[in-house]
Amino acid sequence: MTRQDRTPELQAFLDAALAAFDAHATSDEARAALGRIRAGLDTPAPLREVTPGRQPTCRWLEPALDHAAEAPGLRPMLDAFRALEPGLEWSCDKPDNPTASENFSESHAEVMIVGPGGMEPRQDVWLGLSLLAPGVRYPDHSHRPEEVYLVLSEGDFRQGEDPWFTPGPGGSFYNRPSILHAMRSGKDPLFAFWALWNEPAAA
Ligand SMILES: [Fe+2]
């Protein structure tokens, strides 16, 4: 497999996304994770045929994209995302988790672009995005892969029991492996990309 085996839209998006994540990273930990993610993505995995389609929450996508484009340095990634988006399969899971707001299942949507269940299924790199309608709390969750967020909107984030913080459009932060984390939207939609590195188990 070579980079040419990806669709032009997917490769252009991954290139633009990695550039945006790199430009907005705020810590050595995030930059190190992004280096591992970039190296992993140098080797494409076979693409999967997905069934493109949006979720009801995607009605907030256009305003979220327009708002994000006002932040410096995000436009190339957003343009590449717009070109890729018609081929994406949005999902909306229904977690049984009391920390989610009651409206959660009908008020959020997400896409795994690269990673388990994505258009390029693979285990080492997971890259995708979340969209929350206004007034939604995403449940507390944790996962073994380390994670870098690139935030494209207003909205609050939390790590462990720490106070909520608000990175704003273009803000970025790092989640160490297995840390508990959550997010919530206020009066505006929350829109964020995430990139995860899942360290392969030692042979
Ligand atoms: Fe996460």
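Numbering starts at 1 along each chain as its sequence is written, and side-chain values use heavy atoms, with hydrogens and water left out. Because the model is predicted, local features need pLDDT of at least 70 and side-chain atom pairs count only at pLDDT 80 or more, while totals for chains, interfaces and linings use all residues.

**Helix 4**

Helices (H or I, at least four residues) and strands (E, at least two) are DSSP runs, numbered from the N terminus. Helix 4 spans residues 75–84. Its buried residues are Met77, Leu78, Ala80, Phe81 and Leu84. They fall within an arc of 165° seen down the helix axis, so they line one face of helix 4. The arc is that of the directions from the helix axis to the C-beta atoms. Buried means under 20% relative accessible area, exposed over 50%, and partly exposed in between (1.4 Å probe, protein chains only). An α-helix has 3.6 residues a turn, so residues three or four places apart point the same way.

What covers this face? The cover includes helix 1 (8–24), helix 3 (61–68), strand 1 (108–114), strand 2 (125–132), strand 4 (146–151) and strand 8 (190–197).

**The largest pocket**

A pocket is found on a 1 Å grid over the protein atoms alone; it is an open set of points where a 1.4 Å probe fits, with protein on both sides within 12 Å along at least five of seven lines, and lining residues have an atom within 4 Å of a point. The largest pocket holds about 390 Å³ of space. Its lining has 26 residues, and Asp93, Glu110, Met112, Tyr138 and Trp194 are the closest to its centre. Strands 1, 2, 3, 4 and 8 each supply at least two lining residues. By class, the lining has 15 nonpolar, six polar and five charged residues.

**Strand pairs**

Two strands pair if DSSP finds at least two bridges between them. Strand 3 (137–141) has four of its five residues buried, so it is largely enclosed by the rest of the structure. Strand 6 (residues 172–175) points Ser172 and Tyr174 one way and Phe173 and Asn175 the other way, and all are buried.

| Pair | Bridges and direction |
|---|---|
| Strand 3 and strand 7 (residues 181–184) | Three bridges, antiparallel |
| Strand 4 and strand 6 | Four bridges, antiparallel |

In strand 7, histidine 181 stands opposite histidine 141. In strand 6, serine 172 stands opposite leucine 150.

Leucine 61 lies in helix 3. It is buried, with a relative accessible area of 0%. Contact means heavy atoms within 4.5 Å. Not counting residues up to four places away in sequence, leucine 61 touches Arg54, Phe81, Glu85, Trp90, Leu131 and Phe191.

Proline 189 sits in the loop between strand 7 and strand 8. At 12% relative accessibility, proline 189 counts as buried. The C-alpha atoms of proline 189 and tryptophan 60 are separated by 6.7 Å, though the two residues are 129 residues apart along the chain. Contacts of proline 189, not counting residues up to four places away in sequence, include Trp60, Leu131, Pro134 and Glu154.

Serine 178 is in the loop between strand 6 and strand 7. Is serine 178 buried or partly exposed? Serine 178 counts as partly exposed, at 46% relative accessibility. Its phi is near 70°, a positive value in a residue other than glycine.

Note on methods
Points joined across faces, edges and corners; volume = space filled by probe spheres on them. Nonpolar A, V, L, I, M, F, W, Y, C, P; charged D, E, K, R; others polar.
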